[in-house]
4 protein chains.
Amino acid sequence: MATKQTSTLAKPTLPPKVLAEMERLNEEAAPLQIWLRTRANVPQKTPWHFGAIEKPSYLSEVVGGNVDPPPTYKPSPYLWKWKKIEPYLYRVAEIAPLEFTDRQQFLLLNPGLGGALRVTNTIRCAVSIYKPGDKAVTHMHTPNASRTILSKSGGYTTVDGEKCLANRGDLILTPNGTWHGHGNDSENPIIWMDILDWPLLEMLDCISIENEDPNISINSPPPSIDFSKRHYSAGGITPRFAPIKRGVGQKNSPMMHYEGKTICQKLEELVSEEGSPYEGIQINFTNPINGKPVFTTLGYNAQLLRPGEKTLPCRQTASVLYCCIAGHGYTEIGGERYEWEENDIFIVPNHLWRTHVNLNNVENAILYGVTDAPLLQKIGHFRSQGKTPKGHLIELDW
Amino acid sequence: MATKQTSTLAKPTLPPKVLAEMERLNEEAAPLQIWLRTRANVPQKTPWHFGAIEKPSYLSEVVGGNVDPPPTYKPSPYLWKWKKIEPYLYRVAEIAPLEFTDRQQFLLLNPGLGGALRVTNTIRCAVSIYKPGDKAVTHMHTPNASRTILSKSGGYTTVDGEKCLANRGDLILTPNGTWHGHGNDSENPIIWMDILDWPLLEMLDCISIENEDPNISINSPPPSIDFSKRHYSAGGITPRFAPIKRGVGQKNSPMMHYEGKTICQKLEELVSEEGSPYEGIQINFTNPINGKPVFTTLGYNAQLLRPGEKTLPCRQTASVLYCCIAGHGYTEIGGERYEWEENDIFIVPNHLWRTHVNLNNVENAILYGVTDAPLLQKIGHFRSQGKTPKGHLIELDW
Amino acid sequence: MATKQTSTLAKPTLPPKVLAEMERLNEEAAPLQIWLRTRANVPQKTPWHFGAIEKPSYLSEVVGGNVDPPPTYKPSPYLWKWKKIEPYLYRVAEIAPLEFTDRQQFLLLNPGLGGALRVTNTIRCAVSIYKPGDKAVTHMHTPNASRTILSKSGGYTTVDGEKCLANRGDLILTPNGTWHGHGNDSENPIIWMDILDWPLLEMLDCISIENEDPNISINSPPPSIDFSKRHYSAGGITPRFAPIKRGVGQKNSPMMHYEGKTICQKLEELVSEEGSPYEGIQINFTNPINGKPVFTTLGYNAQLLRPGEKTLPCRQTASVLYCCIAGHGYTEIGGERYEWEENDIFIVPNHLWRTHVNLNNVENAILYGVTDAPLLQKIGHFRSQGKTPKGHLIELDW
Amino acid sequence: MATKQTSTLAKPTLPPKVLAEMERLNEEAAPLQIWLRTRANVPQKTPWHFGAIEKPSYLSEVVGGNVDPPPTYKPSPYLWKWKKIEPYLYRVAEIAPLEFTDRQQFLLLNPGLGGALRVTNTIRCAVSIYKPGDKAVTHMHTPNASRTILSKSGGYTTVDGEKCLANRGDLILTPNGTWHGHGNDSENPIIWMDILDWPLLEMLDCISIENEDPNISINSPPPSIDFSKRHYSAGGITPRFAPIKRGVGQKNSPMMHYEGKTICQKLEELVSEEGSPYEGIQINFTNPINGKPVFTTLGYNAQLLRPGEKTLPCRQTASVLYCCIAGHGYTEIGGERYEWEENDIFIVPNHLWRTHVNLNNVENAILYGVTDAPLLQKIGHFRSQGKTPKGHLIELDW
């Protein structure tokens with residue numbers, strides 16, 4: 001019989017009373033498929049550049065006998081209702097001191113994935129809060145990460161020396177191998193959604209995390225504002241002298257900050273185009289140097305559904321995690337209806353047919369999406385199918 | 001609490017007495033980290049081209065409460081001793097009728113992976129036997145697969161209409177989306193090692209399997225012998241009219257058969273070159289059309305260690321599964337010695353330092369390797385480190 | 001003895017008196033290395049899509065005997081002084097009716113190239129004027145072409161249905177295989193610089209030109225304003241539903257209009273960056289879909305030299321044609337000084353060392369450049385060398 | 001008026017009497033469109049790595065006035081009849097001492113190209129002879145070059161330390177930036193066809209040539225036999241430790257020697273395949289590392305026409321130079337018939353329709369081809385058209 005391997009979570013260090021209260025809250029929040037963070041992450045590996053002598057890992061007991069292999073978990077469609085989960089964020093902020101848990105946040109659990117801290121087998125999603133005065137230690141890790149800002153404004157993420165001020169609708173990247181930190185020097189708490197390819201890296205046993213020594217801070221240069229904007233914000237224009245990637249990671253984008261107001265403006269400018277019958281007006285966020293997805297593993301996009309618009313059914317071998325940034329509508333996933341409004345988050349697992357509907361006949365709706373399509377494309381397994389208005393099945397090339 | 005999802009193994013259909021005997025054998029073989037197959041595979045998905053209406057998958061019970069996320073399994077180094085595991089193959093062949101179990105084979109279990117049918121989180125490895133007269137239904141699936149022939153000769157694999165006659169040391173590919181079958185019309189049983197990227201595809205929930213309707217057999221054209229050899233066997237020469245890939249899979253190699261005698265001959269021809277201090281004389285098997293690894297996910301190679309040769313330590317973020325094709329030596333993995341001789345199979349997990357040593361001072365040793373480096377390279381996480389003769393750490397570009 | 005092949009210029013059709021006056025002007029302007037256009041272009045080939053039966057071309061006399069091969073022409077450095085050449089443009093506009101000559105323009109002649117209509121062996125450059133009310137027939141050709149706007153504003157280029165209104169500093173592309181037209185419905189004449197890879201295509205005998213039948217106008221859709229801007233102007237953001245190229249040409253950029261005010265703004269935003277010691281603050285114009293140069297053959301860029309800035313010497317195997325958009329300075333080319341001010345055009349042939357100097361200590365200078373580096377990179381012959389402040393030679397990777 | 005630039009040929013240095021005799025021979029051979037070499041090449045540029053201070057080149061007189069631009073030369077179809085041109089090779093060998101002329105050879109002149117030493121505007125072709133005992137100085141240049149062996153055997157080319165023994169049908173590459181030499185230590189003269197992308201490099205003014213100092217010979221390592229064969233001759237197998245390119249040139253193939261007997265064998269092995277209706281059984285010679293054409297500019301191939309085979313008409317935007325290696329047939333080019341037999345060389349200019357016919361009803365015919373398609377593909381101008389058996393026009397993707 002196998003014995004469990006070490007978890008990627010540290011042992012709890014919260015004061016006992018706090019821990020007990022957190023556990024009570026977790027019990028209460030369980031039906032909402034979120035987990036209030038009570039424990040810090042544990043890096044699986046020593047950072048590569050240390051050239052450490054890794055020791056083999058062994059189970060304490062030998063496997064064998066009448067094998068009953070571990071089950072295969074598949075993601076379910078699910079929608080996390082913002083109105084129901086948001087209150088827990090404030091509770092966490094109130095009672096769980098940041099220094100014991102890495103973050104004040106809850107993680108989304110896909111009910112199909114057996115309690116794993118993931119929304120698909122490749123994507124982790126958390127929702128975090130930073131109170132005025134909060135400041136997280138500058139750190140670096142191998143998973144790619146991003147922040148999608150849900151609050152109106154306040155707080156920041158520093159990445160590789162660039163200070164990105166957070167405003168609603170912003171997408172801020174902290175790619176693999178970049179030193180980054182978070183904080184809030186405004187007067188209001190800031191809330192954002194963290195998205196990482198953590199589960200994929202975990203499966204590949206390639207997670208390492210490193211915290212900056214706060215006494216040295218060599219990796220926290222005096223913040224440069226608007227580095228991304230000044231260098232990469234004009235389409236088809238790239239500074240010849242600027243970095244084509246930042247940090248020690250490989251194949252990253254050098255553009256860290258995609259501003260919500262620009263995203264919104266581009267969607268509006270394109271609103272009278274025909275767009276795609278399967279996606280409405282959709283824009284991809286790309287590496288400005290080569291047009292590729294911002295991460296090797298995950299692709300980010302935003303889409304606008306016009307008043308009353310209903311997209312045609314399509315499905316992919318990739319999964320998509322959505323967040324409603326504006327509007328009110330529903331997405332039919334595998335025949336079931338998931339109704340969304342502002343800040344609701346939902347997951348469309350791969351292979352399931354889906355259509356989006358904007359239920360508002362006056363206002364546009366805007367969804368942000370994150371997909372593992374870039375990973376599937378690289379390994380030759382990305383496929384996409386749509387149905388024509390007459391119901392015929394066609395292969396799509398994206 | 002989570003309830004287990006459906007397994008990727010079918011329910012047992014073996015006659016009760018046979019099943020009981022198999023279970024007894026499995027109990028006996030457990031310490032050897034093999035599992036005698038008693039159940040067929042279950043496809044996770046309907047083949048994509050059917051455009052099926054996939055239904056969402058749900059757990060029977062809701063997850064929640066005091067989350068105890070599923071453990072993270074990491075592969076251990078391990079060596080499967082051929083002399084000890086081979087006898088079980090003959091026992092399986094004897095008692096477990098092919099029609100109930102898909103295959104007569106055992107699968108290798110990495111003791112670190114909690115009983116999962118895999119040697120790393122990306123690679124499955126089985127050892128199969130086909131008796132004279134055996135014939136497996138022609139089928140197709142999304143995982144990439146290969147056969148490395150261990151017996152002297154006999155048997156065949158058909159792939160996309162090409163009949164590849166099996167001889168020791170041959171590598172026969174059946175890429176994603178190719179119709180393929182196996183059989184043995186010789187007078188001796190044939191034994192080979194099956195290697196697949198099954199666990200990766202399983203994690204991505206992209207496994208589909210399709211069996212050919214034997215009454216139609218549209219996908220079993222009259223066998224063409226030596227298609228790969230005639231079209232692709234000359235380096236730097238590619239027929240302009242020939243397929244650049246075969247089957248409906250994407251990004252595959254069109255070359256299906258790499259012959260052991262050619263592999264051996266090339267290694268011998270290069271034996272007096274300096275080679276690599278970390279790998280000796282090593283050759284990669286590539287897609288002849290573009291020089292890329294034969295699969296998008298896995299790379300195959302062979303290496304020759306000269307009499308007494310000892311390689312310098314190196315390590316990668318990728319794992320390598322080895323099979324000793326000739327000779328006698330050992331590999332030190334993470335400080336521990338794994339001694340190998342003919343047909344022994346062993347796994348070097350990622351991040352662990354390793355050196356190879358040929359213990360024979362007269363004869364060459366030959367190892368075949370399979371690595372998930374191509375996957376890691378695509379997502380920007382491949383790294384490789386070596387030590388110089390003086391022990392200095394250097395980054396290697398491969 | 002060889003007999004000349006047909007020229008790529010048509011026979012003169014100008015009224016005899018006009019032609020005589022134009023010839024007189026050409027005689028006068030000859031020392032300025034410009035040629036006032038008196039004849040239209042002749043396409044070398046029937047457009048490919050007509051599938052014409054091309055006839056072999058023969059010389060009227062056979063070559064042979066004491067071979068004296070045609071000389072090899074190499075481009076010289078040269079500067080066309082705007083103040084001296086501009087007046088001829090108005091003379092041409094006055095006397096040479098547009099309908100006889102294709103265009104009202106003069107072409108720049110490199111004094112090293114034996115009278116060929118080119119500034120290097122790969123680049124043709126003309127300066128054109130369009131008077132109020134002018135309208136050129138919509139046409140299409142295989143060479144790539146661009147317009148760099150020198151007048152303040154007025155006029156337009158339509159390309160593939162997009163109407164690009166011309167303003168100073170704009171770069172408007174009309175790639176290979178796009179239907180395009182020019183005109184001026186403003187009240188002022190418009191002047192721009194035309195740059196084409198005509199000589200390269202001519203050498204490859206791949207020039208075809210096709211004029212639209214004005215009675216049909218299928219290729220002049222109702223003009224869409226700001227198509228490029230709306231679709232591609234935001235860095236790192238690409239509409240998923242939009243074309244990745246336009247026209248029937250291959251490997252083109254879909255972005256046709258790079259606005260001068262945006263270019264200027266980006267240069268200003270980057271002015272306090274360190275920039276490149278060899279180029280100052282330089283931005284490349286790229287295909288927003290893949291980050292590649294806008295044409296397969298030619299690359300476009302703009303650079304800002306800060307007050308008093310002097311760049312370090314460098315040289316390339318590619319040539320660069322410059323136009324001064326703002327400021328006053330000089331470029332030392334192969335040891336000789338070429339002083340420039342607004343609208344001056346100059347050529348730095350390949351292999352010659354050059355440094356740029358902004359002679360103004362208060363104002364920035366801006367140069368636009370066009371280079372055949374993309375062609376040389378594709379065939380493996382691009383190289384770049386610089387000198388360090390101490391005079392050491394180093395290889396540059398761009 | 002323009003004055004001629006310097007030629008790429010040196011001043012004659014042959015002894016006056018020899019020169020006179022050579023000129024007489026050239027007069028005689030002129031109608032055959034060959035030029036017996038009487039002068040050495042002159043490099044246009046100092047080798048790049050010397051970082052030389054290149055001086056601007058100027059014409060002695062200024063261009064201007066009534067511009068009469070240099071004519072545009074276009075290649076004609078032409079066939080050089082081996083039986084008629086071969087005798088001149090022996091005459092050259094007899095009378096023109098190697099030391100004065102670089103080579104004992106004649107160059108092919110395309111009658112459409114005005115006496116330039118080229119068969120198309122991108123390709124130069126010569127036919128050379130090396131007598132027993134001949135040895136050419138080891139040298140290096142920027143143009144890519146190849147040798148196609150026409151004699152039965154004898155002689156060699158060394159390239160980057162590899163000694164390639166020449167046998168009929170061999171293709172030996174000496175890519176841009178490789179040190180190479182030629183010689184003959186056998187007892188028979190050796191004859192081969194030299195093919196270079198010289199005219200293209202000349203047009204780009206990127207030709208440099210460097211001779212090895214024979215007293216140092218650092219670039220003539222002790223010859224390694226069969227380097228190409230041992231490392232790259234097996235399809236889909238690449239040594240991991242071996243160079244991916246050789247020499248200082250960029251983007252070259254590391255495989256230098258394609259043996260005629262292997263080429264012939266592959267063609268024979270594929271003879272019963274359907275092949276291409278436009279090319280019969282055709283194989284491309286590729287870079288074994290990445291499957292690309294062996295040169296960035298030129299592609300090489302061989303094709304077998306079965307007894308009586310007649311290909312369907314096709315045409316390309318690229319030109320092809322053919323040499324008949326075996327058999328007897330004709331090629332119809334632009335409606336005219338060019339009949340070929342062993343060693344005849346002929347050129348099919350771009351855009352002209354052509355069909356190949358094997359006139360022998362018993363024996364196969366073999367043609368070797370060299371095309372500038374790789375250049376045209378890189379810049380987006382490669383196109384290919386064919387006609388169906390019913391005469392319909394179709395676009396071909398190769």
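**Exercise 1.** Decide whether F346(C) is buried or exposed, from its relative accessible area.

*Solution.* F346(C) has a relative accessible area of 0%. Buried means under 20% relative accessible area, exposed over 50%, and partly exposed in between, with a 1.4 Å probe and protein chains only. F346(C) is therefore buried.

The model is predicted: local features need pLDDT of at least 70 and side-chain atom pairs pLDDT 80 or more, whereas totals for chains, interfaces and linings use all residues. Residues are numbered from 1 along each chain as its sequence is written, chains are lettered from A and ligands numbered from 1 in the order in which they are written, and side-chain values use heavy atoms, without hydrogens and water.

**Exercise 2.** Find how many aromatic pairs the whole structure holds, and classify the pair W340(C) and F346(C).

*Solution.* Step 1: the search over all chains gives 32 aromatic pairs. Step 2: the ring centres of W340(C) and F346(C) are 6.4 Å apart and the planes meet at 5°. Step 3: rings of Phe, Tyr and Trp (its six-membered ring) pair if their centres lie within 6.5 Å, and planes under 30 degrees apart count as stacked, over 60 as edge-to-face and the rest as tilted. The pair is therefore stacked. Step 4: W340(C) is also buried, at 0% relative accessible area.

**Exercise 3.** Which charged residue sits over the ring of Y330(B), and at what distance from its centre?

*Solution.* Step 1: the charged end of R337(B) is 3.8 Å from the ring centre. A charge sits over a ring if NZ of Lys or CZ of Arg is within 6 Å of the ring centre and within 35 degrees of the ring normal. Step 2: Y330(B) is in strand β20 (residues 329–333) of chain B and counts as buried at 11% relative accessibility.

**Exercise 4.** Describe the interface of chain C and chain A by contacts, area and salt bridges.

*Solution.* Step 1: 38 residues of chain C are in contact with 38 residues of chain A, where contact means heavy atoms within 4.5 Å. Step 2: the chains bury about 3100 Å² between them, with 54% of it from carbon and sulfur atoms. Buried area is the accessible area (1.4 Å probe) that two parts lose on being put together, summed over both. R230(C), R240(C) and F241(C) supply 26% of the area that chain C buries against chain A, more than any other three residues. Step 3: the count is 4 salt bridges, each a side-chain nitrogen of Lys or Arg within 4 Å of a carboxyl oxygen of Asp or Glu. R230(C) meets E273(A) in a salt bridge at 2.7 Å, N to O.

Key. Helices (H or I, at least four residues) and strands (E, at least two) are DSSP runs, numbered from the N terminus.
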